[in-house]
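The sequence and the structure are shown first, and the description follows.

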Amino acid sequence: MRLSRTIHFNSGRSLWRKDWSEEKNGSVYGDQSPHGYGHNFALEVSVEGPIDPESEMVVNLTDLDQILKEEVDAPLDHRNLNRDVPEFATTAPTAENLAVWIWRRVATRIQRDGWPCRLASLRLRLTPDFAVEIEAPVEE
């Protein structure tokens, strides 16, 4: 059984590498500038596991909301990803890298807290026509 929750957060970022020339940055990242821009992100997270016979839920949605608030919203919302998130000081906060960063935090937290489920998928939408997705392999 899968349970999904969507949250929204807003962040600024720059996909401009200081170690590259202006020409190379332009050819790789397009019409960007070192000043950056912002996105209104939509994040959908799905957890997968059995329905608990006592609670009759996969997980309590309030608990999932708390993890998403602490692991995603608090460190990312209304932040400059390059300046405010240490991992993106030297790694470009591309959609792909940001999705992996979120995946690792949420999956680690679920495991550390001993939940009876696992992170099954993540979809990070940057614009109405662009999203990145991660899907966990099916456990044997």
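**Overall fold**

The model is a predicted one. The chain contains four helices and five strands, and in sequence order these elements give the pattern β-α-β-α-β-α-α-β-β. Along its principal axes, the C-alpha trace extends over about 60 × 30 × 25 Å. The chain has 140 residues, of which 39% count as buried. Among contacts in the chain with a separation of 6 or more, 67% are made by residues 24 or more positions apart.

**Aromatic pairs**

In general, the distance of the centres and the angle of the planes describe a pair of aromatic rings. For this chain, the count comes to three aromatic pairs. One of them joins Phe9 and Phe41: the ring centres are 4.8 Å apart and the planes lie at 15 degrees, so the pair is stacked. This pair links distant parts of the chain, since Phe9 belongs to strand 1 (residues 2-13) and Phe41 to strand 2 (residues 37-48), 32 residues apart. Phe9 is buried, with a relative accessible area of 0%. Phe41 is likewise buried, its relative accessible area being 1%.

Trp20 and Tyr29 form another stacked aromatic pair, with 5.7 Å from centre to centre and 20 degrees between the planes. Tyr29 counts as buried because its relative accessibility of 18% is under the cut-off of 20%. The ring of Trp20 also has a charge over it: the charged end of Lys24 sits 4.5 Å from the ring centre.

**Two residues of strand 2**

His39 is placed in strand 2, and Phe41 lies in strand 2 as well. His39 is buried, with a relative accessible area of 14%. The table gives one C-alpha separation for each of these residues.

| Residue pair | Separation in sequence | C-alpha to C-alpha distance |
|---|---|---|
| His39 and Leu126 | 87 residues | 6.2 Å |
| Phe41 and Pro128 | 87 residues | 9.8 Å |

Which residues does His39 contact, leaving aside its neighbours within four places in sequence? They are Phe9, Asn10, Ser11, Arg13, Leu126 and Thr127.

**The largest pocket**

In general, empty space is found by rolling a probe the size of a water molecule over the atoms. The largest pocket of this model has a volume of about 420 Å³. Its lining is made up of 18 residues, and those nearest the centre of the pocket are Ser14, Trp16, Lys18, Asn82 and Ala89. What classes of residue form the lining of the largest pocket? Seven of the lining residues are nonpolar, six are polar and five are charged.

Key
Residues are numbered from 1 along each chain as its sequence is written. This is a predicted model: local features need pLDDT of at least 70, side-chain atom pairs count only at pLDDT 80 or more; totals for chains, interfaces and linings use all residues. Side-chain values use heavy atoms; hydrogens and water are left out. Rings of Phe, Tyr and Trp (its six-membered ring) pair if their centres lie within 6.5 Å; planes under 30 degrees apart count as stacked, over 60 as edge-to-face and the rest as tilted. Buried means under 20% relative accessible area, exposed over 50%, partly exposed in between (1.4 Å probe, protein chains only). A charge sits over a ring if NZ of Lys or CZ of Arg is within 6 Å of the ring centre and within 35 degrees of the ring normal. On a 1 Å grid over the protein atoms alone, a cavity is a set of points where a 1.4 Å probe fits but cannot get out, and a pocket is an open set with protein on both sides within 12 Å along at least five of seven lines; lining residues have an atom within 4 Å of a point. Grid points are joined across faces, edges and corners, and a volume is the space filled by probe spheres set on the points. Ala, Val, Leu, Ile, Met, Phe, Trp, Tyr, Cys and Pro count as nonpolar, Asp, Glu, Lys and Arg as charged, and the others, Gly among them, as polar. Contact means heavy atoms within 4.5 Å.
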